Amino acid sequence: MNNARTLGKLHLAWLSLLALTLLGGFIGEMWNSGLWVSVTVALIMAIKARLVIDHFMELGDAHPAIRGLVRFFALFFPLLVVVTYLFGDQIAQLTGL
Amino acid sequence: MVEKAEVVDNPRIPGNRAMWVGIYAELTEFALMFLVYFAARSHHPDAFRDGPQQLSILAGITNTLVMVTSSYFVARALFAIRAGRNQTCMRWLAAAFVTGMAYPLVKFFEVRWNVAHGVDGSSGDVFQMTYYYLTFNHLVHVSWGLLGMAWVMFRTWTGAYSVQQHHGLEAFASYWHATDLIWLMIFPLVYVLN
């Protein structure tokens, strides 16, 4: 029963990933990147990553060092999408040669 | 039934430590490339706003669907081996392999389309250079993953994995899902955000 429930969650995760991929593509084609598009795209990135981490990689009960690092990776870069939109000029100044 | 204290004292390492050293290296490699992407985007906002429109969104979406579906099939293979259904595991791995092979095929047609439309990196366009180094590096990792998938398919076929012992398959699955995860970051950065 537990296995059936977990398999059900796996199916749902896959279908969600397919749907979110199509949504992301649709957003990219229809709208230019303003703040809310950047926030939406970042959110979709983070949700998709979390679906893979939790249901494909099954890191929920994995070693904290593994779980923490992968979740950080999946959260940091979507966040950077929004940070770059808001503070692009400052990032350019900080990273200039 | 596993006691909570036992799980806390012996946290699970999916697959084996060696594979996770490799995955850490992969994540670090792409983390550095992503940081360069964001720095480049900050320095050249116009190039990165116009850049995605040069690319084939169809190729990007197709490869994303390919990667998540292949990952799903690998996850199904792991479920099967845990239930002791070796032949079912083999069938899911075969499905994952056939699906995964679509990725380099789509990439081939995508690059051919790119070159025909002047997206060949020769103009010094910073977006094009960023797009190529991210996606070609990812293609290398997918290729390694496909070789690894062929290996675990062989191991499954020879009966090397069982309900009690399938760490090798689990280790491979972790690598493949990590490679999928990286693509889920790349896709919006180069194909969507314009």
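Predicted model: local features only at pLDDT ≥ 70, side-chain atom pairs only at ≥ 80, totals over all residues.
Residues are numbered from 1 along each chain as its sequence is written, and chains are lettered from A in the order in which they are written. Local features need pLDDT of at least 70 and side-chain atom pairs count only at pLDDT 80 or more, while totals for chains, interfaces and linings use all residues; side-chain values use heavy atoms, with hydrogens and water left out.

**Stop 1: chain A on its own**

Helices here are DSSP runs of H or I with at least four residues, strands are E runs of at least two, and both are numbered from the N terminus. Of the 97 residues in chain A, 43% are buried, which means under 20% relative accessible area; over 50% is exposed and in between is partly exposed (1.4 Å probe, protein chains only).

**Stop 2: the loop between α2 and α3**

Now select Glu58(A), in the loop between α2 and α3 of chain A. What is its phi? Glu58(A) has a positive value of about 55 degrees, although it is not a glycine. Most residues other than glycine have a negative phi. Glu58(A) also counts as buried, at 18% relative accessibility.

**Stop 3: where A meets B**

Bring chain B back into view. Here 49 residues of chain A are in contact (heavy atoms within 4.5 Å) with 43 residues of chain B. The area buried between the two chains is about 4100 Å², and carbon and sulfur atoms give 76% of this. Buried area is the accessible area (1.4 Å probe) that two parts lose on being put together, summed over both.

Next, pick Asp61(A) and Arg12(B). They form a salt bridge, with the closest N and O atoms 3.0 Å apart. The count between chain A and chain B is 2 salt bridges, each a side-chain nitrogen of Lys or Arg within 4 Å of a carboxyl oxygen of Asp or Glu.

Color the helices of chain A to see what they bring: α1 (2-30), α2 (35-56) and α3 (64-94) each supply at least two residues of the side that touches chain B. Which helix gives the most to that side? It is α3(A), with 16 residues.

**Stop 4: Gly100(B)**

Move to helix α5 (residues 86-116) of chain B and select Gly100(B). Gly100(B) is buried, at 0% relative accessibility. Not counting residues up to four places away in sequence, Gly100(B) touches Val66(B), Ser70(B), Leu146(B) and Trp176(B). Draw a distance to Ser70(B): the two C-alpha atoms are separated by 5.6 Å, though the residues are 30 apart along the chain.

**Stop 5: Gln128(B)**

Finish in helix α6 (residues 126-157) of chain B with Gln128(B). Is Gln128(B) buried or exposed? It is buried, with a relative accessible area of 4%. Show its side chain, which reaches the backbone nitrogen of Gly121(B) at 2.8 Å and that of Asp120(B) at 3.4 Å. Among the other residues that Gln128(B) touches are Gln54(B) and Ser123(B).

Conventions
Polar contact = N/O pair within 3.5 Å; in protein donor to acceptor, adjacent residues only side chain to side chain.
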